Amino acid sequence: MFNSIKRNSRLAAAALGALAIGTIGFSTSSSAAPLPFFPFLMTPPTEAAPPPSVEAAPPQGEGRFELPARLRRQVVNYATREAPGTIIIDTPHTYLYYVLGNGQALRYGIGVGRDGFTWSGVQTITKKAEWPDWTPPPEMIARQPYLPRHMAGGPGNPLGARAMYLGGTVYRIHGTNAPETIGTHVSSGCLRLINEDVIDLYSRVNVGTRVIVLPMTDRRADLGTTVR
């Protein structure tokens with residue numbers, strides 16, 4: 001029994017000694033660099049924040065298109081017997097005149113029908129629309145079957161910001177999202193202006209406005225001279 005008590009005393013002393021050494025070691029390592037109690041819950045490393053996104057610059061050559069001087073909207077001297085408010089389309093010179101009276105008119109550059117698609121005559125504006133939908137007529141679909149059957153109005157619509165419908169025809173005076181076509185013979189018979197100009201013209205005309213379209217064969221010199 002005595003031997004058992006002695007052996008237990010040795011074991012207790014050894015345990016106390018080990019605890020003291022562990023305490024000293026823990027204190028020393030704590031002063032150097034504290035260790036986490038749960039190393040498996042380490043905080044993940046912090047990642048550097050990504051740089052702010054930078055919007056790509058537009059490709060070269062996509063800046064605002066500027067019309068040649070002769071095709072810009074301007075007041076000109078224009079001799080005519082037509083009443084103020086009349087629209088005259090000078091097809092061969094790609095101009096639209098809005099008669100002001102007193103020998104003057106407001107002249108706009110326009111795009112007209114390509115070869116074989118020009119027309120002439122007198123019509124009236126029967127309808128006006130802002131950001132019009134586009135439904136190509138059947139004869140246009142027959143020539144260009146890849147065209148959409150219907151397109152909602154908006155900036156990507158070929159009719160542009162405004163449209164003025166001419167009588168019971170398929171023709172319109174309308175805007176365009178392709179300003180580089182102004183001054184050219186490119187359409188299927190419609191008459192196009194840049195969007196800024198068609199908005200201006202739209203605000204001046206009413207349903208019932210008379211529209212005179214001169215024939216392509218009328219090669220008389222342009223009658224409009226810029227007002228200085």
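Student: How many bridges join β3 to strand β4 (residues 104-109)?

Tutor: A strand here is a DSSP run of E with at least two residues, a helix is a run of H or I with at least four, and both are numbered from the N terminus. Two strands pair if DSSP finds at least two bridges between them. Strands β3 and β4 run antiparallel, and the number of bridges that join them is six.

Student: What kind of model is this?

Tutor: Residues are numbered from 1 along each chain as its sequence is written, and side-chain values use heavy atoms, with hydrogens and water left out. Local features need a pLDDT of at least 70, side-chain atom pairs count only at pLDDT 80 or more, and totals for chains, interfaces and linings use all residues, since this is a predicted model.

Student: Which residue stands opposite tyrosine 95 in β3?

Tutor: Strand β2 (residues 87-90) pairs with β3 in the antiparallel sense over four bridges. These two strands form a hairpin with four residues between them, and threonine 94 in the turn has a positive phi of about 55°. Opposite tyrosine 95 stands aspartate 90.

Student: Is strand β3 largely enclosed or open, and how many of its seven residues are buried?

Tutor: A residue is called buried when its relative accessible area is under 20%, exposed when it is over 50%, and partly exposed in between (1.4 Å probe, protein chains only). Strand β3 (residues 95-101) is largely enclosed by the rest of the structure, because the number of its seven residues that are buried is six.

Student: Which residue in the turn of the β3 and β4 hairpin has a positive phi?

Tutor: Most residues other than glycine have a negative phi. The hairpin of β3 and β4 has two residues between its strands, and the bridge partner of leucine 96 in β4 is tyrosine 108.

Student: What is the relative accessibility of tryptophan 131?

Tutor: Tryptophan 131 lies in the loop between β6 (121-130) and α2 (138-143), and its phi is near 45°, a positive value in a residue other than glycine. This tryptophan counts as partly exposed, with a relative accessibility of 38%.

Student: How many residues line the largest pocket, and how many of them are charged?

Tutor: The lining has 18 residues, and the closest to the pocket centre are Trp134, Met140, Pro158, Ser188 and Arg192. Strands β8 (172-174) and β9 (185-187) each supply at least two residues of the lining. Ala, Val, Leu, Ile, Met, Phe, Trp, Tyr, Cys and Pro count as nonpolar, Asp, Glu, Lys and Arg as charged, and the others, Gly among them, as polar. The lining divides into eight nonpolar and seven polar residues, while the charged ones number three.

Student: How many charged residues are in the lining of the second largest pocket?

Tutor: About 300 Å³ of space lies in the second largest pocket. Of its 13 lining residues, Arg64, Phe65, Pro179, Ile194 and Glu196 lie nearest its centre. Beside four nonpolar and three polar residues, the number of charged residues in this lining is six.

Student: How many residues apart in sequence are the parts tied together by aspartate 197 and arginine 73?

Tutor: A salt bridge is a side-chain nitrogen of Lys or Arg within 4 Å of a carboxyl oxygen of Asp or Glu. Aspartate 197 is buried at 3%, arginine 73 is partly exposed at 38%, and their side chains meet in a salt bridge (2.5 Å, N to O). Aspartate 197 lies in helix α3 (residues 195-204) and arginine 73 in the loop between α1 (2-32) and β1 (74-77), so the distance in sequence between the parts they tie together is 124 residues.

Student: Which residues do salt bridges that share partners join into one network?

Tutor: The side chains of aspartate 200 and arginine 204 meet in a salt bridge (2.9 Å, N to O). Both residues lie in helix α3, four residues apart, about one turn of the helix. Salt bridges that share partners join into one network Arg73, Asp197, Asp200 and Arg204.

Technical notes. 1 Å grid on protein atoms, 1.4 Å probe; cavity = no way out; pocket = protein on both sides within 12 Å on 5 of 7 lines; lining within 4 Å. Points joined across faces, edges and corners; volume = space filled by probe spheres on them.
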